2 protein chains.
Amino acid sequence: MPCRSAGYLVRDTHLLFAKALRNRLQEHQITPGQWYFLRALWEEEGLSQRELSRRVGTTEPTTVSALRLLARNAMIERVRNPKDRRTINIFLTDKARAMKGDLMPIALDVNDIATAGLSELEFEQLRALLGKIRSNLVNTGL
Amino acid sequence: MPCRSAGYLVRDTHLLFAKALRNRLQEHQITPGQWYFLRALWEEEGLSQRELSRRVGTTEPTTVSALRLLARNAMIERVRNPKDRRTINIFLTDKARAMKGDLMPIALDVNDIATAGLSELEFEQLRALLGKIRSNLVNTGL
DNA sequence: GCCAAGCACTAAGATATCTAAGCAAATTCG
DNA sequence: CGAATTTGCTTAGATATCTTAGTGCTTGGC
């Protein structure tokens, strides 16, 4: 009996997801680290780095790294906010907006492959269970 | 409506698990990266690096890095196998064996916190669902 | 026995992530 | 108003992880 802990299962599943994503994104010169920020920006442009960090679930230094790569690939522009000069708002370039149509199907594909054989109900259960674990860890992890 | 993908949920949960583990392990000078290898070695000593990689779910270069840290902390010894000089077998030091009693409760604690409020049945569902996703991704991720 | 193929590990270099510490702009408050 | 605090971002340095490309040992076919 393996009797693996929840943490191990989650970590291992994460590594497999990241690998599947990386293999499919690499021909577009996008890495998984950049991917989550792109998704957040496709949903809403002009977010600050702090707000992006919150939505993607990383610390701010991680966000700085990822945005540096996205800027190097000409996917984003960083615009200092004139109302509050501490803040930098992140906007997509035309190139990045145009790539949404190519890239989103990749994410859907990976998720379809990953959840193949799961019913709608099972998928909702998974979301609920992971959501419960996340809120447990958020409140006591510090 | 957030409508987060399975991949995002798993990644975010993983980051929270890793953070909770890191906070609790740091006073013992053990990092999460080393943790999974320690667990595998507490279960069975003398594994080769390849076998360790397979059990922990990382590539071999990652295993090399993690074992380097464990060796620096005097937690393992690397012994060249005399029967097959390509292979290196990994053994725990007395120090590492002695720490099992202190460290295992930390893992149990993190898992208890993470799964608080989940019934036994729900925990089994989670394991089954993640297991299904893992096998889906293993077979098609490459 | 020789050599080609395969196997176990390592090196190099990139990305992903964290914590701790710092800087500069904005806000609060005496 | 001016100092202290807070806020948003950055830097520095460590760990974690991957892919690609070696190095050296073993084995199997001839």
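View 1. Of the 25 residues around DNA strand C, the nearest are Thr31(A), Gly33(A), Pro61(A), Thr62(A) and Arg50(B); a residue is near a strand if its C-beta atom, placed from the backbone, lies within 6 Å of it. At least two residues each come from α2 (32–43) and α4 (60–72) of chain A and from α1 (6–25), α3 (49–56) and α4 (60–72) of chain B. Helices are DSSP runs of H or I with at least four residues, numbered from the N terminus. The largest share, 5 residues, belongs to α4(A). The surface near DNA strand C holds 8 nonpolar, 10 polar and 7 charged residues. Ala, Val, Leu, Ile, Met, Phe, Trp, Tyr, Cys and Pro count as nonpolar, Asp, Glu, Lys and Arg as charged, and the others, Gly among them, as polar.

**View 2. Side of chain B that touches chain A.** In chain B, 42 residues are in contact with 42 residues of chain A, contact being C-beta atoms, placed from the backbone, within 7 Å. The helices α1, α5 (94–114) and α6 (120–140) of chain B each supply at least two residues of this side, and α1(B) gives the largest share, 16 residues. By class there are 22 nonpolar, 13 polar and 7 charged residues.

**View 3. Surface near DNA strand D.** Among the 25 residues surrounding DNA strand D, Arg50(A), Thr31(B), Gly33(B), Thr62(B) and Arg85(B) are the closest. The largest share of this surface, 5 residues, comes from α4(B). Its classes are 8 nonpolar, 10 polar and 7 charged.

Residues are numbered from 1 along each chain as its sequence is written, and chains are lettered from A and ligands numbered from 1 in the order in which they are written. In this predicted model, local features need pLDDT of at least 70 and side-chain atom pairs count only at pLDDT 80 or more, while totals for chains, interfaces and linings use all residues.

Terms used
Contact = placed C-beta atoms within 7 Å.
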